[in-house]
Amino acid sequence: MGFIIWLIVGGIIGWLASLVMRTDAQQGLFLNIVVGIIGAFLGGWIGSMLGIGGADINDGAFNLTSLLLSLVGAVVLLAIINLFRRGRVR
């Protein structure tokens with residue numbers, strides 16, 4: 001059951017990040033889920049380096065801090081992808 005929730009929350013985080021970065025028309029549901037899950041790992045790593053929060057959503061922590069860190073990680077991931085794809089961050 002945790003895997004299904006992981007996919008749903010990852011999809012929502014990825015979708016919100018794609019709206020922030022204006023890449024929503026370029027990616028579908030599968031890429032939103034992938035971006036959300038990888039963004040959660042990246043956000044958790046960034047948060048641990050900065051001393052913010054304790055865990056990310058991949059560890060089962062569903063609080064506001066972990067969700068925001070996951071969103072920030074997904075936005076950073078999309079910015080890096082846009083940088084390599086287009087040569088600039090949108």
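Student: About what area does the accessible surface of the protein come to?
Tutor: This is a predicted model, in which local features need pLDDT of at least 70 and side-chain atom pairs count only at pLDDT 80 or more, while totals for chains, interfaces and linings use all residues. Residues are numbered from 1 along each chain as its sequence is written, and side-chain values use heavy atoms, with hydrogens and water left out. Accessible areas come from the Shrake-Rupley method with a 1.4 Å probe, and for residues only the protein chains shown count as cover. Carbon and sulfur atoms hold 73% of the accessible surface, and the surface comes to about 5,400 Å².

Student: What pattern does the protein follow along the sequence?
Tutor: The protein has three helices and zero strands, where helices (H or I, at least four residues) and strands (E, at least two) are DSSP runs numbered from the N terminus. Read along the sequence, the pattern is α-α-α.

Student: What distance separates the end C-alpha atoms of α1?
Tutor: The expected span of a helix is 1.5 Å times one less than its number of residues. For the 19 residues of α1 that gives 27 Å, which agrees with the model, where the end C-alpha atoms lie apart by 27 Å.

Student: Against which helices do the buried residues of α3 pack?
Tutor: Among the buried residues of α3 is A74, which, leaving aside its neighbours within four places in sequence, is in contact (heavy atoms within 4.5 Å) with I13, A17, V35 and G39. Taken together, the buried residues of α3 pack against α1 and α2 (29-50).

Student: Is I12 buried, partly exposed or exposed?
Tutor: The place of I12 is in helix α1 (residues 2-20), and I12 belongs to a nonpolar patch on the surface with F3, I4, I8, W15, L16 and L19, with about 660 Å² of accessible area together. Its relative accessible area is 45%, and exposed means over 50%, with partly exposed between that and the buried limit. I12 is therefore partly exposed.

Technical notes:
Patches are made of residues with over 30% relative accessible area and no salt bridge: like charges are joined within 9 Å, nonpolar side chains (Val, Leu, Ile, Met, Phe, Trp, Tyr) within 5 Å. A salt bridge is a side-chain nitrogen of Lys or Arg within 4 Å of a carboxyl oxygen of Asp or Glu. Buried means under 20% relative accessible area, exposed over 50%, partly exposed in between (1.4 Å probe, protein chains only).
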